[in-house]
Amino acid sequence: MDGSVHPHDQWSRNLFKQFKDAGVRLFSYIPDAGNARMVELADEDNETRTVLLTTEEEGVSLAAGADLVGEKAVLMMQSSGVGNCPNFLSFVKGGNFPVFMFVSMRGDYGEQNPWQYPMGEAVEPILEAMGVLVFKVERADELEGAATAALDTVFRAGKSAALVLSQKFLGAKGF
């Protein structure tokens, strides 16, 4: 390690603690720069477990399974992966399984890749159509409150929710 601090270190540490304090122990993910530090923190912690997924919809099933055995899970992915989930979200909607999603955005503020825009623009409509409440974060001072609201929505009210981190918050990628 070169001694440099990960650019998402501080907010990831705060959010990881918030997730863990809420009882989240299972972190499933498709790798992305927006969730990389969260995955590292979950891997380093003795009380949490990470699961590398082959597709995003596997994480929907994993979260429903976790709920069946009284565990709490978060599904972490980039916004493009939301497009893979509607069919599985219909199952959890029908079965009333609360699913907690952490979505790092592409195709919004400052995007330089035109191929990212269609799915970036579709994320919120898709999630809302599938009954997933969206809690979007654009500024650092919004993160804790949005995360609390999303965690309470899922683990207290029993509804599915997505904590959506915009590129305005994360910073736009240069590719």
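**Figure 1. Helix 3 crosses helix 4 in a left-handed sense.** A crossing is left-handed if the near helix is turned anticlockwise from the far one by less than a right angle, and right-handed if clockwise. The structure is a predicted model, in which local features need pLDDT of at least 70, side-chain atom pairs count only at pLDDT 80 or more, and totals for chains, interfaces and linings use all residues. Residues are numbered from 1 along each chain as its sequence is written, and side-chain values use heavy atoms, with hydrogens and water left out. Helices (H or I, at least four residues) and strands (E, at least two) are DSSP runs, numbered from the N terminus. Helix 3 spans residues 56-68 and helix 4 spans residues 86-95. Their axes lie 8 Å apart, at an angle of about 15 degrees. Helix 3 is therefore roughly parallel to helix 4. Angles under 35 degrees count as roughly parallel, over 145 as roughly antiparallel, 65 to 115 as roughly perpendicular and the rest as oblique. Axes are lines fitted to C-alpha atoms, for helices over the stretch in contact, and angles run from 0 to 180 degrees between N-to-C directions.

**Figure 2. Residues at the contact of helix 3 with helix 4.** Helix 3 contributes Glu57, Val60, Ser61 and Ala64. Helix 4 contributes Phe88, Leu89 and Val92. Contact means heavy atoms within 4.5 Å. By class, the contact has 5 nonpolar, 1 polar and 1 charged residues. Ala, Val, Leu, Ile, Met, Phe, Trp, Tyr, Cys and Pro count as nonpolar, Asp, Glu, Lys and Arg as charged, and the others, Gly among them, as polar.

**Figure 3. Leucine 89 in helix 4.** Leucine 89 counts as buried because its relative accessibility is 0%. Buried means under 20% relative accessible area, exposed over 50%, partly exposed in between (1.4 Å probe, protein chains only). Leaving aside neighbours within four places in sequence, leucine 89 touches Val60, Met101, Leu127, Met130 and Val132. Serine 160 is 71 residues away from leucine 89 in sequence, yet the C-alpha to C-alpha distance is 9.2 Å.

**Figure 4. Helix 3 and its cover.** Helix 3 has 13 residues. From first C-alpha to last, helix 3 reaches 19 Å, close to the 18 Å expected at 1.5 Å a residue. The expected span is 1.5 Å times one less than the number of residues. Glu56, Glu57, Gly59, Val60, Ala63, Ala64 and Ala66 are buried in helix 3. Their cover includes strand 1, strand 3 (72-78) and helix 4. Glycine 70 follows helix 3, with a positive phi near 80 degrees.

**Figure 5. Serine 28 in strand 1 (residues 24-29).** Serine 28 counts as buried because its relative accessibility is 2%.

**Figure 6. Helix 1 passes helix 2 in a right-handed crossing.** Contacts from helix 1 are Asp9, Ser12, Arg13, Leu15, Phe16 and Phe19. Those from helix 2 are Arg37, Met38, Leu41 and Ala42. This contact has 6 nonpolar, 1 polar and 3 charged residues. The axes of helix 1 and helix 2 (residues 36-44) come within 9 Å and cross at roughly 50 degrees. The two helices are therefore oblique to each other.

**Figure 7. Helix 1 (residues 9-21) and the glycine that follows.** Buried residues of helix 1 include Trp11, Leu15, Phe16 and Phe19. After helix 1 comes glycine 23, with a positive phi near 95 degrees.
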